[in-house]
Amino acid sequence: MELADCRSCHTARGGALFAGGRAIPTPFGTFYSPNITPDVKTGLGRWNATDFWHALHNGYSKDGTLLYPTFPYTNYTRISRRDSDAMFAYLHSLPPAAQANHPHELRFPYDHRILLAAWRALFFRPGVFEPDPAHSAEWNRGAYLVQGVAHCSACHESRNALGATSSKAGPSGGLVLNWYAPSLTSPHEAGVQGWAETDIVSLLKTGQVNTSAAKAVVRGPMAEVVSESLQQAPDDELRAMATYLRALPVTDAPEEGSSAAATKYDIPPAVLAAGKDLYEKNCADCHGHHGEGREPAAPPLAGNRAVTMNSAVDPIRMVLFGGYSPGTSGNPRPFGMPPYSLTLSDEEIARVLIYVRASWGNTARPIRGEEVTANRGSPLW
């Protein structure tokens, strides 16, 4: 249950554990997670282990109602029946919470659940994970966890117009909960193929890593995943995930961040000067005058993959709304960044990010004020 991160989605802020009611915004409307406590009237009190297995494996409820794939049964279908039964036994050991389920608030035509039959025919095939004999037992365990239980691709895969993941592309990055979940196959985004296993485990366990070979801090929705899920996972499970993640195929390196990108963008000197002035006044005290950072309070910005990705969604949202890395046993008092949405205009935020993304060896594309505006209205996930 911890690696599946069920508590995060099925617990509303300030609500009873697993009693549902958390809002999940999507392009199709707002979904609300259901009560999965053993309450007889509002939860899973009348369900049995087979009913639960059908929900995870086949994507339909006890009464046969088709479930929306916001519940990631497209990943959970890989979970074994044994693990499904163990998850159900755990849920039934919890205290029941009498909380009625909140109906979804979806736009037409997505509010017509019958259309899910066509969606499933196009995009869903149930199937338990099958080990690959060409790989080690640890790789297979990691693949089972990453593909199924931890459902990493639910965030890190791109989606089409109907919300289905693009399995051919693999975990190549996608938008989720108004943030960009970076590609796990690109060395310029979140690929860890060149990292040591211990560094990957550290990032998953504590939300940060700071070694000579790997530097990263998780933010946004991933911070909650680490806080509520991954830090509770046994180290051997995290090592298996690391083994699998290191073995993911590397996609062709994009031009962003390469020397070829340096001559691709012609940024007016006046724009860079304005961005530098804003940076010196608002950012340099923490991140350094040359983007070198002030560890552990502020990460470096020079060479920071979170800063130089082609998608500027995450750096925009960090400047707008600030945020903290997750509080974990390995990082119990994380430093945070203040929000600048009230002190800087959209154009000013765009200019300071243009400067950051084009300085100290960074060569990412410039961004526009319209991109900042598009993210200003949705501060939470």
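**Backbone torsions and the open sheet**

Modeller: Asp5 has a relative accessibility of 12%, under the 20% limit, so Asp5 counts as buried. The model is predicted. Asp5 belongs to the segment before α1, the helix of residues 6–9. Its phi is positive, about 60°, although Asp5 is not a glycine. As background, most residues other than glycine have a negative phi, and most peptide bonds are trans.

Asn178 also has a positive phi, near 70°, and is a residue other than glycine. Asn178 sits in the loop that runs between β4 (174–176) and β5 (179–181). With a relative accessibility of 33%, Asn178 falls between the 20% and 50% limits and therefore counts as partly exposed.

The peptide bond is the next point. From Phe108 to Pro109 the bond is cis, and omega is near 5°. Pro109 is placed in the loop between β3 and α5, the latter covering residues 116–123.

Three strands form an open sheet in the order β1-β2-β3, and their pairing is antiparallel. The edges are taken by β1 (23–26) and β3 (105–106); each has a single partner strand, so one side of each is left without a neighbour in the sheet. Strand β2, residues 29–32, pairs with β3 in the antiparallel sense over two bridges. Within this part of the sheet, Gly29 stands opposite Leu106 of β3.

Key. Residues are numbered from 1 along each chain as its sequence is written. This is a predicted model: local features need pLDDT of at least 70, side-chain atom pairs count only at pLDDT 80 or more; totals for chains, interfaces and linings use all residues. Side-chain values use heavy atoms; hydrogens and water are left out. Two strands pair if DSSP finds at least two bridges between them. Helices (H or I, at least four residues) and strands (E, at least two) are DSSP runs, numbered from the N terminus. Buried means under 20% relative accessible area, exposed over 50%, partly exposed in between (1.4 Å probe, protein chains only).
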